Amino acid sequence: MPELPEVETSRRGIEPYLVGNKIQYSIVRNSQLRWPVATEILHIANESVLSVKRRAKYLLIQLQHGWIIIHLGMSGSIRILAKEQLAEKHDHIDLVLADGKTLRYTDPRRFGAWLWTNDLDNCPVLFHLGPEPLSTDFNADYLYQRAKNKKTAIKPWLMDNKIVVGVGNIYANEALFAAKILPTRAAHSLTRKEIDNLVIQIKQILQCSIKQGGITLKDFLQSDGKPGYFAQQLFVYGKKGEACSHCGQLIESIKLGQRSTFFCYNCQK
Ligand SMILES: [Zn+2]
């Protein structure tokens, strides 16, 4: 599943091709995604692109008359085609640009979304979201206040978009390992010092991953069409039964909030 770093990588990949360009028209081959593709998107004609932003895992393409909101779902990817190419089975949407290039959206599982809004601040999919993890709004004071009285296990709690956006399963596992905190701990049991460290680790892991072009899952393509990198080093995620890189004890795995959870009992307390 594309995570925040992949979405940010996609944003950075498409931004230089879109901003200052025009979308001449769209080709929607299959409008049945997670929700039907917004009718405004079907009828785009000669719209200038003003900016390409990101909020949580949503890509936001600002046009003169509104915003296209794209979510990549489980298996969506976008890329820029330099010239016309025949669409394949899962290439559901093209945005044809004035300079002859095309933004192509591919999504085998069709859990992605292409929505439209004229009012970004009150858009239902965005307004309930917590702070961006790399913003100054996400800091130890904030997280400590929110964690007080919360008996929920820290890992599923961190993955709640209302607390902070973009900390998906991989990053929650890795950040808790880096911060030496067991994923099963109740959120309120974390000391201020642990929260300080956890915030630092979350930011570092996401920043590192964005820098390396995102952790690449099989479905993800870099926006220039090349496969992404596998550069991000994982310490616990997917490593059940392997030796912990810090202490050598075997990494364990449990289900927590229905998500695979990996940790080292020796390193994490
Ligand atoms: Zn260990």
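The model is predicted.

**Helix packing around α6**

Helix α6 spans residues 192-211.

| Helix pair | Axis distance | Crossing angle |
|---|---|---|
| α5 (residues 169-178) and α6 | within 9 Å | roughly 130° |
| α3 (residues 140-147) and α6 | 9 Å | about 125° |
| α1 (residues 4-18) and α6 | within 9 Å | roughly 40° |

The axes of α5 and α6 cross at roughly 130°. An angle over 145 degrees would count as roughly antiparallel, and 65 to 115 degrees as roughly perpendicular; α5 and α6 are therefore oblique to each other. The crossing of α5 with α6 is right-handed. On the α5 side, the contact is made by Tyr171, Glu174, Ala175, Leu176 and Ala178. On the α6 side, it involves Asn197, Leu198, Gln201, Ile202, Ile205, Leu206 and Ser209. Sorted by class, the residues of this contact comprise eight nonpolar, three polar and one charged.

Helix α3 packs on α6 at an angle of about 125°, and the two helices are therefore oblique to each other. Their crossing is right-handed. Here Ala140, Asp141, Leu143, Tyr144 and Ala147 of α3 are in contact with a set of α6 residues, namely Arg192, Ile195, Asp196, Leu198 and Val199.

For α1 and α6, the axes cross at roughly 40°. Angles under 35 degrees count as roughly parallel; α1 and α6 are therefore oblique to each other. This crossing, too, is right-handed. From α1, the residues Leu4, Pro5, Glu8, Thr9 and Arg12 meet Leu206, Ser209 and Ile210 of α6. The contact of α1 with α6 is made up of four nonpolar, two polar and two charged residues.

Leu198 takes part in the contact with α5 and in the contact with α3. Leu206 and Ser209 take part in the contact with α5 and also meet residues of α1.

**The zinc site**

Which residues coordinate the zinc ion? The ligands are Cys244, Cys247, Cys264 and Cys267, each through its SG atom, at 2.2 to 2.4 Å. Along the chain, these donors follow the spacing C-x2-C-x16-C-x2-C. The angles among the four donor atoms are 100 to 115°, and the site is tetrahedral.

Methods: Residues numbered from 1 in each chain as written. Predicted model: local features only at pLDDT ≥ 70, side-chain atom pairs only at ≥ 80, totals over all residues. Heavy atoms only, no water. Axes fitted to C-alpha atoms, helices over the stretch in contact; angles between N-to-C directions. Helix = DSSP H or I, 4+ residues; strand = E, 2+ residues; numbered from the N terminus. Left-handed = near helix turned anticlockwise from the far one by under 90°. Contact = heavy atoms within 4.5 Å. Nonpolar A, V, L, I, M, F, W, Y, C, P; charged D, E, K, R; others polar. Donors = N, O, S within 2.8 Å, 3.2 Å for Na, K, Ca; no water. Tetrahedral: all angles 85-135°; square planar, octahedral: opposite > 155°, others 65-115°.
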